[in-house]
Amino acid sequence: MRWFEDGRLRFAVGIEDTFIPQEYPGRRRLDEYELTQHYHLWHEDLGLAAATGAEMIRWGIPWHLLEPEPGRFRWDWLDRVVDRLAELGLTCVVDLMHYGTPTWLDNQFLNAGYPDRVAEYATRVAERYRGRLHVWTPLNEPTINAVYCGENGTWPPGLTGHDGFVKLAMAIARGIVATQRGIAEVQPEASFVHVEASFRYEGEWFPFDLALMRERRYLIMDLVTGRVDEEHPLHGYLREHGVDDAQLAALREDAVTPDVVGVNYYPAFTTARFEPGSARPVPVEAGTAGLEEVLRDFAARYGRPVFLTETSRAGTPEQRAEWLRDGIALVHRLRREGVPVVGYTWWPLFALVDWLYRESTDPVGRWLVPMGLYDLEPDGAGVLRRVPTAAVEECRRLMRAPDGG
């Protein structure tokens, strides 16, 4: 019996691992491990993760550092990390791609060799750590990738509009498929957690086609799982932006299926509304009602177990502890009602750096967002101390309680 089939609810924590190593005028490198000093404090950080009571951790590999030149891998640091995970008894859900490609891969996701390159990297990792790492996320939040890299022009390769979104979506889908197939060849016992962001919209006015946007949140996972044919609601949208039926047929023939569908949800961020005439989203507090909706929707659409792979909220430690209680209580209720929720993840373990850091010149302290179980505080000597909050002990209590109470 595989880990997601034994009927248990597993608890995890995650360490924010967004990597955008490319630098341009007005755009700094964004490497969360560097900015939060995880590269230096990783040994301590992994110990703090285990101390929460979690048995799993979502942790990402910085591909741009592991493979600094095409085909040349530097394993020394990653070897030590994997040793530490084994020492602590933490099962790692490996984030192989959490945004960002190596700087040597020109045009990033649109490079003609991207699917093969990312699959080769993933396969090399799976070969080296077979028996030690066995749960894989090929690429975190593919839709956010396609939006930031292909629609908004915020991250490289900086495309814009629906045409750019579709180009990125197709490239990312091919990379996910190649990654899962490559790992499965060298590690047949592997399991795969495909992780997608959830998007919700409220209100009466929208600066876009609401039906299109609601369906688009599933598009890349539908492409990966071979669901996009002439009957798919977005078939015409893809054709309009240059995708032909031969490309879709190739994805259907090569389709892969996740063992578990990961869903990322933030109660005060995932849901948005728009003021009439404005294209700027206004975050809406949606609480557990929004979380229940997205977990039910993803479970029903894909017929797979679901894992809440990211959730938290910014605010005081008491507000964070309250969301822990509310979210975990909901997960237990859904499980009692037959929704196959197999995991819950508090993300991030400690404060993260807002992505807007990349577009500013302000010091990193200006962009720290207190969303973690631990806060980050400068110690006066340049070190960001990991300071436990009241949410840490509440997390330990809830992860030990059999029913979330």
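Ala, Val, Leu, Ile, Met, Phe, Trp, Tyr, Cys and Pro count here as nonpolar, Asp, Glu, Lys and Arg as charged, and the others, Gly among them, as polar. The model is predicted: local features need pLDDT of at least 70, side-chain atom pairs count only at pLDDT 80 or more, and totals for chains, interfaces and linings use all residues. Residues are numbered from 1 along each chain as its sequence is written, and side-chain values use heavy atoms, without hydrogens and water.

Volume is the space filled by probe spheres set on the points, which are joined across faces, edges and corners. Helix α4 (76-88) gives the most, with three residues. Helices (H or I, at least four residues) and strands (E, at least two) are DSSP runs, numbered from the N terminus.

The largest pocket has a volume of about 1,700 Å³. Of its 50 lining residues, Ile144, Tyr148, Phe269, Pro281 and Trp355 are the closest to the centre. The lining comprises 29 nonpolar, nine polar and twelve charged residues. Helix α6 (142-151) gives the most, with five. Strands β8 and β11 each supply at least two.

Both strands belong to an open three-stranded sheet, ordered β8-β10-β11, with mixed pairing. Pairing requires at least two DSSP bridges between strands. β8 (200-201) and β11 (282-284) are the edge strands. β8 pairs with β10 (271-273) in the parallel sense over two bridges. Arginine 200 has threonine 271 of β10 as its bridge partner.

Methods: On a 1 Å grid over the protein atoms alone, a cavity is a set of points where a 1.4 Å probe fits but cannot get out, and a pocket is an open set with protein on both sides within 12 Å along at least five of seven lines; lining residues have an atom within 4 Å of a point.
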